[in-house]
Amino acid sequence: MDAKKDFVADCLFCRIAAGEIPSKIIYQDEDVLAFLDIQPQAKYHILLIPRRHVANSLNDLEQEDDQVIFKILLTARNIARELGIDQSGYRLVANTGRDAGQSVFHLHFHLLGGASLGLFGTPAGYVDNAE
Ligand code: 5GP
Ligand code: ZN
């Protein structure tokens with residue numbers, strides 16, 4: 001699948017952004033769409049995407065994408081505020097590639113919160129991170 005397109009016909013999130021596949025939209029403007037994840041992993045689990053297919057993942061993000069990425073970060077922050085979890089805490093995640101379990105190759109961020117999210121990743125046995 002090519003990166004940097006307005007619309008990729010076989011991309012699930014392009015189709016959601018176009019309204020071809022229904023979703024529960026939390027926020028939208030001309031650049032950004034935020035909608036509920038169909039399989040929530042936390043009390044609040046929202047996906048934030050650029051409307052355009054600017055990248056398959058963080059791996060092919062480019063400098064010219066800076067504005068839409070910043071807008072996504074601000075949108076995540078605003079949604080967290082509106083949900084009342086900005087002070088209790090939340091997590092913003094961009095799964096990238098196989099080891100992270102990325103399953104949809106239209107760049108997206110998961111906003112997770114609403115209760116304690118527990119430990120991050122699979123730390124068992126990895127004690128040499130700082131070396
Ligand atoms: P990834 O695993 O690529 O980081 O995240 C893809 C996310 O898309 C998953 O959390 C999955 O539950 C969600 N997802 C997959 N299909 C659909 C769908 O049709 N609608 C919505 N709203 N979310 C979906
Ligand atoms: Zn797409």
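Predicted model: local features only at pLDDT ≥ 70, side-chain atom pairs only at ≥ 80, totals over all residues.

Tutor: The C-alpha trace extends over about 45 × 35 × 25 Å along its principal axes. Of the 131 residues, 23% count as buried. Among contacts between residues at least 6 apart in sequence, 59% join residues at least 24 apart.

The sheet itself is open and has five strands, in the order β1-β2-β3-β5-β4, with antiparallel pairing. At its edges stand β1 (25–28) and β4 (90–93); each has a single partner strand, so one side of each is left without a neighbour in the sheet. On average, and with direction ignored, neighbouring strands are turned by 20° against each other.

Within this order, β3 (44–50) is joined to β5 (residues 109–113) by five bridges, and the two strands run antiparallel. One position can be followed directly: Y44 stands opposite G113 in β5. The helix α2 (66–83) packs on the sheet and touches β1, β2 (32–36), β3, β4 and β5. The direction of α2 makes about 155° with that of β3.

Between β3 and α2 runs a loop that contains R52. Is R52 buried, exposed or partly exposed? R52 has 19 other C-beta atoms within 10 Å, whereas a buried residue requires 20 or more and an exposed one 12 or fewer; R52 is therefore partly exposed. Between R52 and V93 there are 41 residues of separation in sequence and 19 Å in space, taken from C-alpha to C-alpha. V93 belongs to the range of β4 (90–93), one of the edge strands described above.

Finally, the model includes a ligand. Ligand 1 is surrounded by 13 residues, and the closest are I38, Q39, N95, S103 and V104.

How values were computed. Residues numbered from 1 in each chain as written. Chains lettered and ligands numbered in written order. Near = placed C-beta within 6 Å. Helix = DSSP H or I, 4+ residues; strand = E, 2+ residues; numbered from the N terminus. Contact = placed C-beta atoms within 7 Å. Pairing = 2+ DSSP bridges. Axes fitted to C-alpha atoms, helices over the stretch in contact; angles between N-to-C directions.
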